[in-house]
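I opened this notebook page to record what I looked up in the structure, starting with backbone details and going on to the packing and the chain as a whole.

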Amino acid sequence: MSTLSFPVAGLRPLALLLALGLIVGTTPALARGRYYNHSGGIETSHPAWMSWVPSSTGLGALSMPGTHDTMAYQSYGGDLTQTQSLGLRQQLDAGIRALDIRCRHIGDRFTIHHGVVYLHVNFDDVLQTTIQFLNAHPTETVVMRVKREHTEESNTRGFAQTFEWYRDQPAYSPYLWRGSHVPTLGEVRGKIVIVDDFAGGTYGIPWGAVNLQDDWTVSQLADIDDKWNKVRAHLDRTLGGSPSTLFINFLSGSSAMAYPLHVAGGINILGINYRGVNDYAIDHLVGGWAQRAGIMMMDFPGAGLIDAILALNVRLLPSSSGLPADFSAIFRNTAYTLGGDAEARWYGMQAFLQNAAPGRNWHVMALKKEWGAWMHHEGAFYQSDSMDDFTHLAFPTRTVTSVVGPGYLASYVNGQIGSLSGGSGDRSSQLHSRLSARFPFQLWSVVVKRAPGGLGNWAYSDFGRGYKTSSGDYTYAVQGYSAYDGVYLHEHIQQEGNVVRLTSNVGFLGDVGFDDSLSSVTVLGPYQATLCEHPNQTGRCFTTSSSIREVNAVPGGPWNDQISSVSVSRTGLH
């Protein structure tokens, strides 16, 4: 095995977790379900994901999952007209926030159609379900495109007047936002934002003001690739576009020779594999090729595709903030798009995390059985399901700073390995416990891999203050990080050897086992230290608020192995 490293920046809180590599394989069908879903249920839930997005965010800056022909979730017209498998409330609970509502004007009311096919729901059903959802989750908003569909019949007024009649009903009026500009999220929480595709913007954001890709004709299965290229090109336009503009990107397509379910999910016919648009899209998003997706209107979206879109909204949070609870499901579902050996999976997950949640110190691992690990993390820990015998782990830390010198760490770990026992999990637990007891001033992760090793079987982030060694059938990887603020005294130059942490005055360093032992200093955080050659801060002294690799280089020496007392003070707050 060799290690991989990518430096980054941080978080806090504290928890301890044991993850054991007891593996259950996953089927290709389960992985496929992460980008394409035709099951009537879905393996994700994000009913309040907008709650963690700042209210000042414009709707145009969001990455928003949506559904094309939202209400076509039953097969009244067969496979050619069905585009979804989830009912409206299921879609909203899963995280869908953009709806495509096609209304036929008949008898001065709206019925919901897909072309000529009546979908056995009416506009009242759509409004009532959406409002029930918003009442349950008032932090959310729903973008609703309203479009004329099919022929009009038996009306005494125009389409716009009937829409106005619905809008003015006491049960609906408080929930229908009356603006026509692209609002901030704070303006429209708890409301429905109409995208007006029938009256030129009189009743909402004008459809003509939307930056749109909706080339829906896919003449044959071989044209699915061309449809994906149009989707990808619009994603590129969205990235560079104004955040005050709504970008809407339809992934859907169909024809008599290419049904919606095949355009979305792909199909294998006589050994020829036609890859679906949803499959291309999830790889593109998880691969870190998009930073803003706009509104993506999809057929049969799977849990992972929804989550890959939602992940881009984490970029809107400051890197100093904690990650939302939704990120656990996002991590688990997007991991299904990774493949290859441990090294390839590591690179894939690293690319996704650095794109979705940049500015953090991500520790990433891809592990194939048999392994065990104990990790101190800082309030956020993510673990995938097992797939193809691999498990993916990730957690961010406040810093990647370690104050234990690499040589001293290696010596300590080598001295412990001979007395470890049991399997990988037992050994990782024992070694982690000893490291934490010996060096309690920072956090530790320990991963133990039983043979076979190598990058084909495990890969992990190595930020430079770790140690890896093998003994018998086991390889041990130790990582130190998130050293606490304070003044650290080291017995050897270049921050090596025995180390002690101080946050207050020490009149005699012999009391902490460090009299006349100082050769270098590490200062973390808002601290200043005055180091003196005799007890109780007497004799020659020098003061520092920064780290020193060799104290003998400080003017006024010699200082090496001469310090017997230390005065520590705080210089301010970070």
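I began at Q495, which is found in the loop between β22 (486-492) and β23 (496-502), and I noted that its phi is near 55°, a positive value in a residue other than glycine. The model is a predicted one, and I kept that in mind for each entry.

I looked next at D389, in the loop between β16 (382-383) and β17 (390-397), where phi is positive at about 70° although D389 is not a glycine. D389 has 23% relative accessibility and so counts as partly exposed.

For the peptide bonds, I recorded that the one from A451 to P452 is cis, with omega near 5°, and that P452 sits in the loop between β18 (443-450) and β19 (458-460). The bond from G557 to P558 is also cis, with omega near 5°, and P558 lies in the loop between β26 (538-544) and β27 (565-570).

Turning to the packing, I found that the largest nonpolar core has 113 residues, with F123 and M144 having the most contacts inside it. Leaving aside residues up to four places away in sequence, M144 touches several residues, among them L99, F123, L127 and I194. A second, separate core of 38 residues includes A410, F441, W458 and Y476.

For the whole protein chain, I noted 13 helices and 27 strands, and buried residues make up 55% of the 574 residues.

Methods: Residues numbered from 1 in each chain as written. Predicted model: local features only at pLDDT ≥ 70, side-chain atom pairs only at ≥ 80, totals over all residues. Heavy atoms only, no water. Core = buried A, V, L, I, M, F, W, Y, C linked by side-chain atoms within 4.5 Å. Buried < 20%, exposed > 50% of the residue type's maximum accessible area, 1.4 Å probe, protein only. Contact = heavy atoms within 4.5 Å. Helix = DSSP H or I, 4+ residues; strand = E, 2+ residues; numbered from the N terminus.
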